[in-house]
Amino acid sequence: MRLAELPLRAFLSEALVPYEQDEVTRLILDTHDLAAFAPVSHLTVGDFRNWLLGDDATPAALGKLRSGLTPEMVAAVSKLMRNQDLILVAKKCRVTTAFRNTIGLPGHLSTRLQPNHPTDNISGIAASLLDGLLYGNGDAVIGINPATDNVSQAIKLMGLMDDVIRKYDIPTQSCVLTHVTNTLEAIEQGAPVDLVFQSIGGTEATNSSFGFSLSTLQEAQDAALSLKRGTVGNNVMYFETGQGSSLSANAHHGIDQQTCEARAYAVARHFDPLLVNTVVGFIGPEYLYDGKEIIRAGLEDHFCGKLLGVPMGCDICYTNHAEADQNDMDNLLTLLGVAGCTFIMGIPGSDDIMLNYQTTSFHDALYARRSLT
Amino acid sequence: MSKQKKSLVTENVWRVLRQFTDARIGLGRAGISLPTHELLKFQLAHAQARDAVHFPLDVKRLLKDLGESSAALPGQSPLLLKSQAEDRLTYLQRPDLGRSLSQESLECLAGLCRGDSGEPSVAIVIVDGLSSSAIQNNAVPMVTQFLRDLEEEAGDWLLAPLIIVEQGRVAIGDEIGECLGASVVVVLIGERPGLSSPDSLGIYLSWGPKSGLSDARRNCISNVRPAGLSFEHASQRLLYLMREARRLGISGVSLKDRTQEVVIEKTANNKNFLTD
């Protein structure tokens, strides 16, 4: 109730992480658009919820509001919302992006084809890749998590995906989910880089524990744009996030993990990404204990991302040390489908044999499409 | 019976590609959904992976296996330590406790003399992590391989006593390395078990270990097991990282693994059936 009475304006004058100490705070406050904030500037957090659910909050109005919202405002209001509120408002947010195809149109659910292999064996990856393509998977991106952080290996995987996409003329893009500095090196070496990947967090300290700063991301975005590989759009970045990463890196400044997560979306949106997804259950029970917590976090993350204008997808997933199973994932998949989630993952039989966790399968995507239409 | 089954489930002819991967490809479908036998197989695998998390490390057996191995172990017998997490449930919910040694273990470790011979010393720390079976099945052959390769290396590496930790997380290695005054700490830890790989071993390296080092300061070699990255390759890669860490005086993201990927080169010229 105290939170509900707090004026939204308070978040502009009281930085939760000091401005002087944190470049993410500086990014948030320096890029805040007061004019865009005007329609809700007089509201408390509680009334902001009412406004979002009301008929004035049309898709167009929400689109204009984005640059006037800070992640702290969005995280605060999400805490007062029930699951159905998170779904209803997220559904009204329109975020479309493009590279070789357009992603995020209403009534569309895209998938990232994730053909990981524990030793990056090329034939093994190709086998999973074909399996996914046959189920119509991979329109968001074909994205491989390499087994090792190695530039030459990343370049080989980029070459494989580029060959397949060009040979079969597939309207999609590829990405090797390696560290941003590796991708920069790959670009320098002339590798066919469509999207630059990086895991990001909501504080400068989190990001430096990941080994990069905002200027690294800027450099990478510029490098990828210079390749001019997009045909229908220029969104060249792909980010992953997840509640708990700042806490895990002891870089949270005493802030709760959900607010830290929303701040990561402020980082993301600054670099006009094609795709962003929360890897919601990957972090494990240390941070999200069971299926119920994972489901709630998935809905919060999707809502916060969409409201801030990020093309938000979700890796609907769990690990074997969490109290969760396939039924929990079915629930979250269905709820996020209703909420208009931008994209989900696609893995053969839900089993990622490299990262050792379970996410949505090619079959699951077909279930979602059929049950939601 | 089988005739009826055929008509209910659409089999996937590309299942033959399973020769290239353990991934669950070519599952077939009932309508658009998983066929019943695949659904049940998945649920059984999940139950087994859950067991791998909760099954405790058999330390006695590990010591016996180490004793029987051909590894050129350091003179002192392995030291057994515990984290501050007292049981599995605490361990799962409180990663911070898994990163620090219990008071008793700290005292036990303080009893060991610090390496002060001037040579860079290596501390090998075996930690149960999230899969005791990873340690039980793969720690001894990995240590054996590594010590053999280390002996052949003219690097003047001095070995600290072997350490075994129960209910530990990766970062506990940094605390241990710091206590020992080691130049580099190598942590062998049970990775979170997957459905198809319940016994995957992870290896983490920190140069100049001390409590509170961030993840960006560690290098990782993952999925070490006979069906994944072989002990030989893991050992070579680890030695490479150690040499580089020593040369540069740092580990982590600024230390790139530039070993040409051996596994990938097995498929000549990286050809595959999709593009050739």
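Reply: A quick word on terms: the domain bounds used here come from an automatic or database domain assignment. Also keep in mind that this is a predicted model.

For chain A, that assignment gives domain 1 (2–92) and domain 2 (97–372). The C-alpha centres of domain 1 of chain A and domain 2 of chain A are 25 Å apart. Where the two meet, 21 residues come from domain 1 of chain A and 29 residues from domain 2 of chain A.

On the domain 1 side, helix 3 (23–30), helix 7 and helix 8 (83–92) of chain A each put in at least two residues. Helix 8 of chain A gives the most, with six residues. Sorted by class, that side of domain 1 of chain A, the one touching domain 2 of chain A, has 13 nonpolar, three polar and five charged residues.

The buried ones are A:Pro71, A:Glu72, A:Met73, A:Val74, A:Ala75, A:Ala76, A:Val77 and A:Ser78.

Now for the packing. In soluble globular proteins, nonpolar side chains tend to be buried together. Here the largest nonpolar core has 119 residues, and A:Val196 and A:Tyr238 touch the most other members. This core takes at least three residues from each of domain 1 and domain 2 of chain A. Setting aside neighbours within four places in sequence, A:Val196 is in contact with A:Val180, A:Thr183, A:Ala220, A:Gln221, A:Ala224, A:Val236, A:Met237 and A:Tyr238. So what does A:Val196 touch, in terms of that core? One of its contacts is A:Tyr238, the residue named alongside A:Val196 as touching the most other members. There's also a second, separate core of 52 residues, with B:Leu62, B:Leu101, B:Ala139 and B:Ala182 among them.

That brings in the other chain. The contact between the chains takes 53 residues from chain B and 53 residues from chain A. On the chain B side, helix 2 (36–54), helix 4 (88–93), strand 7 (218–224) and helix 10 (262–265) each supply at least two residues. Helix 2 of chain B has the largest share of that side, six residues. By class, the side of chain B that touches chain A has 23 nonpolar, 19 polar and 11 charged residues.

Terms used:
Residues are numbered from 1 along each chain as its sequence is written. Chains are lettered from A and ligands numbered from 1 in the order in which they are written. This is a predicted model: local features need pLDDT of at least 70, side-chain atom pairs count only at pLDDT 80 or more; totals for chains, interfaces and linings use all residues. Two residues are in contact if their C-beta atoms, placed from the backbone, lie within 7 Å. Helices (H or I, at least four residues) and strands (E, at least two) are DSSP runs, numbered from the N terminus. Ala, Val, Leu, Ile, Met, Phe, Trp, Tyr, Cys and Pro count as nonpolar, Asp, Glu, Lys and Arg as charged, and the others, Gly among them, as polar. A residue is buried if 20 or more other C-beta atoms lie within 10 Å of its own, exposed if 12 or fewer, and partly exposed in between; C-beta atoms are placed from the backbone. A nonpolar core is a set of buried Ala, Val, Leu, Ile, Met, Phe, Trp, Tyr and Cys residues joined through C-beta atoms within 7 Å.
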